[in-house]
Each structure stands twice: as structure tokens, then as C-alpha cells.
Amino acid sequence: MKIRIEKAACVGNARCAHVSEALFPLNDDGYIAVDHVDVPEGQEQLAKRGARACPERIIFIEEE
Ligand code: SF4
């Protein structure tokens, strides 16, 4: 699974990182640090939860 994040629209509330700091790393200012993530096998549900947790709705599942 791959996810895409519209990084420029991040408001830095860390809801995604609260679900998984490994999948959704934040930069020093508390904003999402990556715009693409290759989700390791077995972490798909966590990735989906992270996407749903983002109130800005800027985390998208690209490929199942
Ligand atoms: S949940 Fe969304 S808005 Fe909040 S830090 Fe993560 S990507 Fe940014």
C-alpha cells in the first residue's frame, strides 16, 4: 500500500503521528515530514486509521 499526503496543507495537529509515529513522522515544527509513504506489510490498517484521523483529510490511500 502507498499513501500520499498533501504536505503543504498540513496544519500540524499530529493526529496522524498519534496513530503511528513510524508511518507519519513529523518535522521539528510538528508538521508532517513526508508526502509519500510505502506502508510496510501488516501496517495497512494502521495507515488507514492514520488517514481517517487527519481532520484536514489530506492523507490519501493511493494503492491498496
Ligand atoms: S493529521 Fe493531518 S493535519 Fe494533522 S499533522 Fe497529520 S497530516 Fe498534518
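Student: Is Ala14 buried, partly exposed or exposed in this predicted model?
Tutor: Ala14 lies in the loop between strand 1 and helix 1. Its C-beta has 16 C-beta neighbours inside 10 Å. Buried needs 20 or more, and exposed needs 12 or fewer. With 16, Ala14 therefore counts as partly exposed.

Student: What is the phi of Ala14?
Tutor: Ala14 is a residue other than glycine.

Student: Which loop holds Arg57, and what is its phi?
Tutor: Arg57 sits in the loop between helix 2 and strand 3 (59-63). Arg57 counts as exposed because it has 10 C-beta neighbours inside 10 Å. Arg57 is not a glycine, yet its phi is positive, at about 55 degrees.

Student: In what order do the three strands stand in the sheet?
Tutor: The sheet is open, and its pairing is antiparallel. Strand 2 and strand 3 each have a single partner strand, so they stand at the edges. The order is 2-1-3.

Student: By how many degrees are neighbouring strands of this sheet turned against each other?
Tutor: The figure is an average over neighbouring strands. Direction is ignored. The turn is 25 degrees.

Student: How many bridges join strand 1 to strand 3, and which residue stands opposite Ile3?
Tutor: Strand 1 and strand 3 run antiparallel, with four bridges between them. The residue opposite Ile3 is in strand 3. That residue is Ile61.

Student: At what angle does helix 2 run to strand 3?
Tutor: Helix 2 lies across strand 1 and strand 3. Its angle to strand 3 is about 145 degrees.

Student: Which residues have the most contacts inside the largest nonpolar core?
Tutor: This core has 13 residues. Strand 1 (2-5) and helix 2 (44-53) are the elements that give two or more residues to it. Those with the most contacts inside the core are Ile3 and Ile59.

Student: Which residues does Ile3 contact, leaving aside its neighbours within four places in sequence?
Tutor: Contact here needs C-beta atoms within 7 Å. Ile59, a core residue with the most contacts alongside Ile3, is one of the partners.

Student: How many residues surround the ligand, and which are the closest?
Tutor: By class, the shell has eleven nonpolar, two polar and two charged residues. The shell counts 15 residues. The closest are Cys10, Arg15, Cys16, Ile32 and Cys54.

Student: Which residues does Tyr31 contact, leaving aside its neighbours within four places in sequence?
Tutor: Tyr31 is in the loop between helix 1 and strand 2. Tyr31 counts as partly exposed because it has 14 C-beta neighbours inside 10 Å. Tyr31 and Val11 are 20 residues apart in sequence but 6.7 Å apart in space, C-alpha to C-alpha. The contacts of Tyr31 are Cys10, Gly12 and Leu26.

Student: How far apart in space are Asn27 and Gly12, C-alpha to C-alpha?
Tutor: Asn27 belongs to the loop between helix 1 (15-19) and strand 2 (36-38). Asn27 counts as exposed, with 12 C-beta neighbours inside 10 Å. In sequence, Asn27 and Gly12 are 15 residues apart. In space, they are 9.4 Å apart.

Student: Is Glu21 buried or exposed?
Tutor: Glu21 lies in the loop between helix 1 and strand 2. Within 10 Å, Glu21 has 11 other C-beta atoms. The limit for exposed is 12 or fewer. Glu21 is therefore exposed.

Note on methods: Residues numbered from 1 in each chain as written. Predicted model: local features only at pLDDT ≥ 70, side-chain atom pairs only at ≥ 80, totals over all residues. Near = placed C-beta within 6 Å. Nonpolar A, V, L, I, M, F, W, Y, C, P; charged D, E, K, R; others polar. Core = buried A, V, L, I, M, F, W, Y, C linked by C-beta atoms within 7 Å. Contact = placed C-beta atoms within 7 Å. Pairing = 2+ DSSP bridges. Axes fitted to C-alpha atoms, helices over the stretch in contact; angles between N-to-C directions.
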